[in-house]
Amino acid sequence: MDSLQTGDPRYLKRRVKGCTLDVHPTEKALVVQYEVEATILGELGEPMVGERKECQKIIRLKSLNASTDTSSLARKVMEECRLIHPSKLREVEQLLFYLQNRKHANDNQERKRISPRDFKPYAGVELDEEASINSIDEYVELLYEDIQEKIRGATLIFQLARNPDNLEELLQNETALGALARVLREDWKQSVDLATTITYIFFCFSSFSQFHGLVTHFKIGALCMNIIEHELKRYDLWQDELQKKKKAYEEFSDNQNLKKEHEKSFRKYQSLLIKQEQLLRVALCLLLNLAEDTRTELKMRNKNIVHMLVKILDREDEELLLVVVSFLKKLSIFLENKNDMAETFAVEKLARLIPSEHEELLSTTLRLLLNLSFDTSLRSQMVQAGLVPKLSSLLADEGQRQLSMCILYHISMDDRFKSMFADTDCIPQLMKMVFDCGEEKMEAELISLCINLAANKSNAQVICEGNGLKMLMKRAVKMKDVLVMKMIRNLSQHNGPTKSLFLDHVGDLAAQISEEEAEEFVIECLGTLANLTIADLDWALVLKEYNLVPFLKDRLKPGSAEDDLILEVVIMIGTVSMDDSCAAMLAKSGIIPALIELLNAQQEDDEFVCQIVYVFYQMVFHKATRDVIIKDTQAPAYLIDLMHDNNAEIRKVCDNTLDIIAEYDEEWGKKIQTEKFRWYNGQWLEMVENRQMDEAGEPFLYGDDGESFVGNGDILERPDLFYSAVFCADGIIGADGAISPEFYTDFQNGELGQTGYLSSVSDQISADRPISAYGFRPDEQFFYNYTTSTR
C-alpha cells in the first residue's frame, strides 16, 4: 500500500507484512497481528529511512451466537478488514466456528472480576457527542471548568476508557489522569454524578492487573473507602429523616401538607438512592479488583470494609448486592474477616437472599455461606436464620444443588441440628437422588450427607419409609458400595421400629462376611449386624447357616487383619453372646482364650479392652460359659487388673462383670473383695502397716506382752476389720465378707434399699453394649468405702 506525503518531495512507502489470526482469550473477537513496514524514498526512488512496527487489531463479533452462519460472517469480516488476505477465508471460518462453540470457564461459575462492559449505561453519563482519543486534551481542559463541564469532560474520557484498547494511550497521558484524580479528591462531595463517572474511569483501569500500580499511585482505593463510608452515613440520615416525616404524617393523617411533604421526600429519596447505589457499586468493584493484592486487602480490612459490606446487605439493588456478596466471599477465606462477619451477624442478612431469582447472586451467596459453614458458631447462626428448609428447597435446582448439599452436610455434622432435617423435604429429595443414580457412582456430597442424617433416629425413620431400606440394601449388596453400607449401619443403631426392619436383611448381611469380600465392606456389614440387638433374632441359626464362627475366631488373632476389622469382630461376638446357645457355641470353639490373647496384645487400646470385657460380661450371664470363664481361664484375674483402669467405661463394665463372678464363685469373690478393699482403703492400710508407733506414747495399740493388736501378718487376713457390725446385724453381709444369694436375688428384683451392698451401682448392671470406650460417663460412688461403713 503506497501513499504520497503531501508537501514533501520524497515518497513514503508503507507495506503490511506477516498477517496472522487468532481468537481473543476471553471475548468473542478475532485478533489480527500484523507488521507495518514504512520506508521513506528519495526523489529517485532510493530508500532513505526505514522503520518497522508490530500492530494489532481486534475485531469484536457482537452478533456471534449459537445460530450464526459462520460462513457468511467470515465473508463479512473479510470485506470490512482489508488487512486479512482473501486466501485466509477458510481460516477465518474455522476460528469463528471455534468461538461459536467455545465454552467459557465462567459460564457456570462466578466471574472473578467484573469487566467494564458488564455495567448498564449510567443515566448521568449519557451524552449525544462521541468521544475521540485525539481530543483528549480538550476533555482535560473541561476538568478545570464548573461542575457541569467537569461532568461532561469526565464523561467523554469515560467513553474512551470503556474501550480497553484506549487504556494504554490514556496511561501515557499523565496530565489527564492527574487531573481526574484531583477533581475526584476535591469535588466528590459536590456531585454524585461526577464522583461516579471518575470512579468508573479508574475502575476501567483496575480491571487489568498491570494498571493496579497506577490506581494505587493516585490513592484512589483509600478515596473510595472514604466515599463509601460517607455515603453510608448519608443513607442513615436519609432514613432518619424519612422516619420522622412518616411519623409526623401518621400522627396527623388529616394534614394534607404533611402527606405531600412525605411523598415528595420519598420520591427524592428514591432518586438519590439510585445514584448512591450506582456510586457504591462502582467503588466496591474497584476495591474488589485492587484486593487481588493481599496487602491492599489487609489495609481495607483495617478500615472496617467488612462492617461496611455487611451494612450494605440490607439494600434491595441486586447488582449492588452481587458485588457486595462477591467481595465478602473473597474476604471470608481469612480468619479475621470471618470473625468480623460473625460479629456483625452477616449470616442473618444473607439468609434473606435465599432463594433469589437472580441466579448469579444466589450462586455467589451460597458460595459465601459454604465458606462460612466451616465455623461451628456460624453454622448455628445459619440454623437459627432458618436456612435448613431454604437450602433443602434448593436441592430441586440442579444449578444450585451441589452448593446446597455441601452447606447442609456441614450443618449435619453437628448432632444438635440433625433432627431438624426430618421436618423438611430434604430427606425425600436425597433418597430420590440416591435411587436415580442407578448403577452410576454416587456424588461424594450426596452420600456423605445421607450418612450423617442416618445417625439421627427421626431421620432414620423417614429414610426407611416405604421401600427405603430395601432399596439401599439392594444397591449396597449389588454394587458392594461401602458408603451406602455405612449409611445402613447408621440406620441400624436406632432402637424401635427401624431396627426391626433389618430382620428381613440379616441373611444378606451375613452372606457378605467372608474372606472374598473387600475388608472395608465386611467391616460395615459386621458393624450393622452387631447393632441388631433384636430379641426375635435367632443368632445361633445365623452363625450355623453362614458358618461365621470360624471366620470370627480366625480374625481374633492379633495381626490377622486390620485393627478396625478385628474390633468389629469383637463387637459382633458381644452382640451374639447375649443368646445362651450362641455363647455356648462360641465358648466351645475356643474363642475365650483367643479373646484373652487379643486382650494382652491390645491392652493399650481402650476401645479393644472395653469391648472384650463386655464380651466377658455377656458370657458370665450364661451358666455354660460362666463356668468356662471362671474355672478354665484367667479372665477374672485380668478383670481385677482392669478394675482400676483410668477409663471410666472400662471400670464400669469390669465392676459389673466382677460382681457377677463374685456371686457365683466364693474363692474369686474373696479375691475381688480383698482387692477392692485394698484399693479403696489403701491410704489407711499404708498408715497401719508402716507407721512406727511409740510404746510409751500410744500403749493402747499393744497388749500386755507388747504384741500389736494388729499382729505381724497381713492386715487383709482380718475380715472383721472389713465391715462394721451394722452390716452383719442387717444380715446383708456375713462375717466372712461374702454376699448372700438372697441379697443378690433381692438386688436383681429391685427390692434392695439404698443402704445395702451394691446400692450405689443399682443402675450399672445392664445388657447394653458400650457404644464407645471414650464415651463420658460420670464416675459412680463405689461400694467399699471404709469411712462410711459405720453409723
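## The whole protein

Contact here means heavy atoms within 4.5 Å. Among the contacts in the protein with a separation of 6 or more, 68% come from residues 24 or more positions apart. This is a predicted model, where local features need pLDDT of at least 70, side-chain atom pairs count only at pLDDT 80 or more, and totals for chains, interfaces and linings use all residues. Residues are numbered from 1 along each chain as its sequence is written, and side-chain values use heavy atoms, with hydrogens and water left out.

You'll find 41 helices and 4 strands, taken as DSSP runs (H or I, at least four residues, for helices; E, at least two, for strands) and numbered from the N terminus. Of the 791 residues, 47% are buried, meaning under 20% relative accessible area with a 1.4 Å probe, protein chains only.

## Two helices side by side

Take helix α36 (residues 635-642) and helix α38 (residues 666-680): their axes come within 11 Å and cross at roughly 10°. Axes are lines fitted to C-alpha atoms, for helices over the stretch in contact, and angles run from 0 to 180 degrees between N-to-C directions. The pair is therefore roughly parallel, a label for angles under 35 degrees.

So who touches whom? On the α36 side there are Pro636, Ala637 and Ile640, and they meet Trp668, Ile672 and Glu675 in α38. That contact divides into 5 nonpolar residues, no polar ones and 1 charged; Ala, Val, Leu, Ile, Met, Phe, Trp, Tyr, Cys and Pro count as nonpolar, Asp, Glu, Lys and Arg as charged, and the others, Gly among them, as polar.

## A loop residue

Phe345 sits in the loop between α14 (335-343) and α15 (346-351). Its C-alpha atom is 8.2 Å from that of Val310, 35 residues apart along the chain.

Notes: Angles under 35 degrees count as roughly parallel, over 145 as roughly antiparallel, 65 to 115 as roughly perpendicular and the rest as oblique. Buried means under 20% relative accessible area, exposed over 50%, partly exposed in between (1.4 Å probe, protein chains only).
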